[in-house]
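Hi,

Here is the structure I said I would pass on. Have a look at it first, and then read my notes below.

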Amino acid sequence: MSAEPGAACGGPPSGQAQPGACLTVPLLEIGGTHVTAALVRVGGAGPAQVVATRRAPLDAHGTAEAVVAALLRAGRELGPVDPARWAVALPGPFDYARGIARYHGVGKFEALDGLDLGAALRAGLPSCTDVAFLNDAWAFAYGERAEGAARGHDRVVGITLGTGVGSAFLADGAAVTEGPGVPPQGRVDLLVHDGRPLEDTVSRRALTAAYAGATGRRSDVREIAAAARGGEVAALRVLTDAFGALGRVLAVWVRRFEAGALVVGGSMTGSWDLIGPALTAGLLAGGAESPRPVRAEHVQEAALVGAAWYVAGPRADADRGAGPRADADRGAGPRADTCRSVRGSEDHER
């Protein structure tokens, strides 16, 4: 790790980033199988820097005590942290304003349902003055808009493909969660395909089940992709059907939202050579001729940088950063435009 957080560009060690200032933000990115703790330096005249990370496994089916302990352990492993507000990016359903988990009937983190996670993290994270929660897909889209494939676009749709389908609709840098241009709550995973929840068609469990039904073999998505590249018809059909369906479902919302960029991230984009063409074909079949979907430039770092800007952006004090808003409420979010490219510096990931 370099010198004291913020020292490289003379920014303050904690508090609100000001134009021209540099700030190092501690954060947690929580997924269904892992938690990443990081220090991310944003602001100043240069690009954002992920200056330290710690990644550890996380059991989404564990007890509340075990999950919270894993989160606190990851945060503490960053070492000494100056007093600061932490960013925490995690999937929904979650009451992001109040910091309370709402995981009921969703097959993950159910033990946290109703827990005041904000209070637990404020009490246990090192040098924590407050916690700002945001959806992990919002964080990804913020990061790609600031320094990645969606740079320069005012209206962005971000899709994450991992255990399920995450989504973010950004207008002028703020997440849009209601209005005629977005799905309910801004969540693509709440949509249906052929009368069933979308994630019954597009998710890790759906892909493995479809492949097992076609071949009698249970394989992970990476193995299915490898089989497809090797010429196996069943594997290619599973991927083509699933991501073609996703494109057809997305098409109406991409058109309504008048998106200038559609950027896709998440672990499944390691198979973008197979996913990208199927998704594009589905979008075209659904009547969305533009924008064409593009893979994230910074699959690993985008959510980290986006979460940091959520807390530290020049206008981040409003509603704890660029929180969700109605589409009509323009210009309410943080402006991350001063940060132009991700440069991983001293990355100490395990």
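**What I found**

A281 lies in helix 7 (helices are DSSP runs of H or I with at least four residues, strands are E runs of at least two, and both are numbered from the N terminus). A281 counts as partly exposed because its relative accessibility is 45%; buried means under 20% relative accessible area, exposed over 50%, and partly exposed in between, with a 1.4 Å probe and protein chains only. In sequence A281 and R292 are eleven residues apart, and their C-alpha atoms sit 9.8 Å from each other in space.

Before you go further: this is a predicted model, in which local features need pLDDT of at least 70 and side-chain atom pairs count only at pLDDT 80 or more, while totals for chains, interfaces and linings use all residues. Residues are numbered from 1 along each chain as its sequence is written, and side-chain values use heavy atoms, with hydrogens and water left out.

**The chain as a whole**

The protein chain has eight helices and 16 strands. Of its 350 residues, 57% are buried. Taking the contacts with a separation of 6 or more, 65% are between residues 24 or more positions apart; contact here means heavy atoms within 4.5 Å. The accessible surface is about 13,900 Å², and carbon and sulfur atoms own 50% of that (Shrake-Rupley method, 1.4 Å probe; for residues, only the protein chains shown count as cover).

**Helix 4 and its partners**

How do helix 4 and helix 5 cross? Helix 4 (residues 204-215) and helix 5 (residues 221-229) have axes that come within 9 Å and cross at roughly 50°. Axes are lines fitted to C-alpha atoms, for helices over the stretch in contact, and angles run from 0 to 180 degrees between N-to-C directions. The two helices are therefore oblique to each other: under 35 degrees would count as roughly parallel, over 145 as roughly antiparallel, 65 to 115 as roughly perpendicular, and the rest is oblique. The crossing of helix 4 with helix 5 is left-handed, meaning that the near helix is turned anticlockwise from the far one by less than a right angle (clockwise would be right-handed). On the helix 4 side you will find R204, L207, T208 and Y211, which meet V221, I224 and A227 of helix 5. That contact divides into five nonpolar residues, one polar and one charged. Nonpolar covers Ala, Val, Leu, Ile, Met, Phe, Trp, Tyr, Cys and Pro, charged covers Asp, Glu, Lys and Arg, and the others, Gly among them, are polar.

Helix 4 also packs with helix 6 (residues 233-257), at an angle of about 140° and with the axes 10 Å apart. This pair is therefore oblique too, but its crossing is right-handed. Helix 4 brings L207, A210, Y211, A214 and T215 to the contact, and helix 6 brings A234, A235, V238, L239, A242 and F243.

Which peptide bonds are cis? One joins G92 and P93, with omega about 5°, and P93 lies in the loop between strand 4 (84-90) and strand 5 (94-95). Another runs from S290 to P291, with omega near -5°; P291 is in the loop between helix 7 (272-285) and strand 14 (293-295).

S127 is not a glycine, yet its phi is positive, near 55°. Look for S127 in the loop between helix 2 (117-124) and strand 7 (128-135).

Cheers
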